[in-house]
Amino acid sequence: MELLHAGRDDHALRTAALLRRSHPADKELQLAGLLQDIGRMLRPGDGARHAVLAAEAVRPLLGERVARLVRLQAPAPADGGADRPGEDAEAEAVATLRQAREAAGASGPDAGVLEDWRPLLELVAAGSCRAGNAIGPLGSPRGPVTDVR
């Protein structure tokens, strides 16, 4: 949340709001729309890799699908995307994400406030943790701490 607050992006908020309206059951897709540009905040000026950086940043906390959608929403590389595994499985979701991103460029629906997204971020993060993400967002192992004596 701190990173999102620092980079306050109304375009990302509008994208996520459009996805919330059009695909209310797909929480991961909505978050991918919200998080689409955090790679630019993580390493400004590295435009060619911003989607990869964003995906790497969100994977430990929000899971593989959100990371994959964030990575794939960027324009395809010049080689036609041959190095983008999993794109076929998510082709419809990626197309929806890209369409929402384009539509959000025009003044669209009220995007709300960033804080409205905190419960959804927490929900998906908790589900990702239960699904077996073994590494926490800071690179530390997740799960119960066991006393080994």
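## Burial

A residue counts as buried when its relative accessible area is under 20%. In this predicted model, A125 has a relative accessibility of 13% and therefore counts as buried. A125 belongs to helix 8, which spans residues 118-130. The C-alpha atom of A125 lies 9.6 Å from that of V58, although 67 residues separate the two along the chain.

Across the protein chain, which has 149 residues, buried residues account for 40%.

## Overall architecture

The protein chain contains 8 helices and 0 strands. Read from the N terminus, its elements follow the order α-α-α-α-α-α-α-α.

Of the contacts between residues at least 6 apart in sequence, 59% join residues at least 24 apart. The protein chain has an accessible surface of about 8,300 Å², and carbon and sulfur atoms contribute 56% of that surface.

## Packing of helix 2 and helix 7

Two packed helices are described by the angle and the distance between their axes. For helix 2 (residues 10-22) and helix 7 (residues 91-105), the axes come within 8 Å and cross at roughly 125°. Helix 2 is therefore oblique to helix 7. The crossing of helix 2 past helix 7 is right-handed.

Helix 2 contributes H11, R14, T15, L18 and L19 to the contact, while helix 7 contributes T96, L97, A100, R101, A103, A104 and G105. By residue class, the contact of helix 2 with helix 7 comprises 6 nonpolar, 4 polar and 2 charged residues.

Conventions. Residues numbered from 1 in each chain as written. Predicted model: local features only at pLDDT ≥ 70, side-chain atom pairs only at ≥ 80, totals over all residues. Heavy atoms only, no water. Axes fitted to C-alpha atoms, helices over the stretch in contact; angles between N-to-C directions. Helix = DSSP H or I, 4+ residues; strand = E, 2+ residues; numbered from the N terminus. Parallel < 35°, antiparallel > 145°, perpendicular 65-115°, else oblique. Left-handed = near helix turned anticlockwise from the far one by under 90°. Contact = heavy atoms within 4.5 Å. Nonpolar A, V, L, I, M, F, W, Y, C, P; charged D, E, K, R; others polar. Buried < 20%, exposed > 50% of the residue type's maximum accessible area, 1.4 Å probe, protein only. Areas by Shrake-Rupley, 256 points an atom, 1.4 Å probe, with all protein chains shown as cover.
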